[in-house]
Amino acid sequence: MKEEIIIAGFGGQGVLSMGKILAYSAIMQDLEVTWMPSYGPEMRGGTANVCVIVSDRKISSPIITRYDTAIILNQQSLDKFESTVKPGGLLIYDPSGITRYPERKDITICSIDAIEVAAELGNPKVYNMAILGAYLQMKPFLEMENVVKGLGKSIPARYSDLIQKNRDAIEKGMERVKIISESK
């Protein structure tokens, strides 16, 4: 098993923390992981992405240019990374940040209205966890118990009350993911 993922959007959308939680969750499941962030000097509003590789074997290099999955949170990231998804791969996007929808026919394309999920849960900070939930529904290789442990490693102890809110968002995202088109 090997899964190569790019998560991309603007700083402030939780791109890096989503990747970190995914990585910690995989570690809790005794999988091999690399986590490589890339972001501009801006704190919020600049572009940000993170590559995560999860494998049941040693990972030879954290550098990749083709991905099994792309999780896209804005138009700039869609323009940059849509073509890098391997044929037969998965692209998940949040339609609120997209003006031109994905066009490829050789990958599975899904959407998740994560802003709506976060609004329903009354907490905009769980936006990224709704997206993570959509991903985990489409690629269910992690057990929820390990995802909760990954949340615990990522969220500071003083905010431990947020673990359940994040779990709720993950579960809602799993329920709300929509398959737009499947690879041919």
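Trainee: Which residues does Asp56 touch, not counting residues up to four places away in sequence?

Mentor: Asp56 touches Met1 and Leu31, where contact means heavy atoms within 4.5 Å. This is a predicted model, in which local features need pLDDT of at least 70 and side-chain atom pairs count only at pLDDT 80 or more, while totals for chains, interfaces and linings use all residues. Residues are numbered from 1 along each chain as its sequence is written, and side-chain values use heavy atoms, with hydrogens and water left out.

Trainee: Where is Asp56 found, and why is Asp56 called partly exposed?

Mentor: Asp56 is found in the loop between β3 and β4; helices (H or I, at least four residues) and strands (E, at least two) are DSSP runs, numbered from the N terminus. Buried means under 20% relative accessible area, exposed over 50% and partly exposed in between, with a 1.4 Å probe and protein chains only. The relative accessibility of Asp56 is 46%, so the residue counts as partly exposed.

Trainee: What makes Asp30 count as exposed, and what can be said of its phi?

Mentor: Asp30 counts as exposed because its relative accessibility is 72%. The place of Asp30 is in the loop between α1 (15-28) and β2. Its phi is near 65°, a positive value in a residue other than glycine. Most residues other than glycine have a negative phi.

Trainee: How do you know how many disulfides the structure has?

Mentor: A disulfide is a pair of cysteine sulfur atoms within 2.5 Å. A search of the whole structure finds 0 of them. As for the cysteines, Cys51 is buried, since its relative accessible area is 10%, and Cys110 is buried with 0%.

Trainee: In what order do the strands of the sheet stand, and what makes β2 and β7 edge strands?

Mentor: The open sheet has 7 strands in the order β2-β3-β1-β4-β5-β6-β7, with mixed pairing. β2 (32-39) and β7 (178-181) each have a single partner strand, so one side of each lacks a neighbour in the sheet. Neighbouring strands are turned by 20° against each other on average, direction ignored.

Trainee: How do you know that β1 pairs with β3 and with β4?

Mentor: Two strands pair if DSSP finds at least two bridges between them. β1 and β3 (47-55) have 9 bridges in the antiparallel sense, and Gly9 stands opposite Ala48 in β3. β1 and β4 run parallel and are joined by 4 bridges. There, Ile7 has Ile71 as its bridge partner, and Ala8 stands opposite Ile72.

Trainee: What does β4 do on the side of β5, and how covered are β1 and β4?

Mentor: β4 (67-72) and β5 (85-93) pair in the parallel sense over 5 bridges. Thr69 stands opposite Leu90 in β5, and Ile71 stands opposite Ile92. β1 is mostly covered, with 7 of its 9 residues buried; in β4, 6 of 6 are buried.

Trainee: Which strands does α4 lie across?

Mentor: Helix α4 (127-138) lies across β1 (2-10), β4, β5, β6 (108-111) and β7, and runs at about 145° to β5. Axes are lines fitted to C-alpha atoms, for helices over the stretch in contact, and angles run from 0 to 180 degrees between N-to-C directions.

Trainee: Why is α4 called oblique to α6?

Mentor: The two helices, α6 spanning 162-176, pack at an angle of about 50° with their axes 6 Å apart. That angle makes α4 oblique to α6. Angles under 35 degrees count as roughly parallel, over 145 as roughly antiparallel, 65 to 115 as roughly perpendicular and the rest as oblique. Among the residues that meet are Met129 and Gly133 in α4 and Ala169 and Gly173 in α6.

Trainee: What makes α1 oblique to α4, and which hand has their crossing?

Mentor: α1 and α4 pack at about 45°, with axes 10 Å apart. That angle makes α1 oblique to α4. The contact includes Met18 and Ile21 of α1 and Ile131 and Tyr135 of α4. α1 passes α4 in a right-handed crossing, and α4 passes α6 in a right-handed crossing. A crossing is left-handed if the near helix is turned anticlockwise from the far one by less than a right angle, and right-handed if clockwise.
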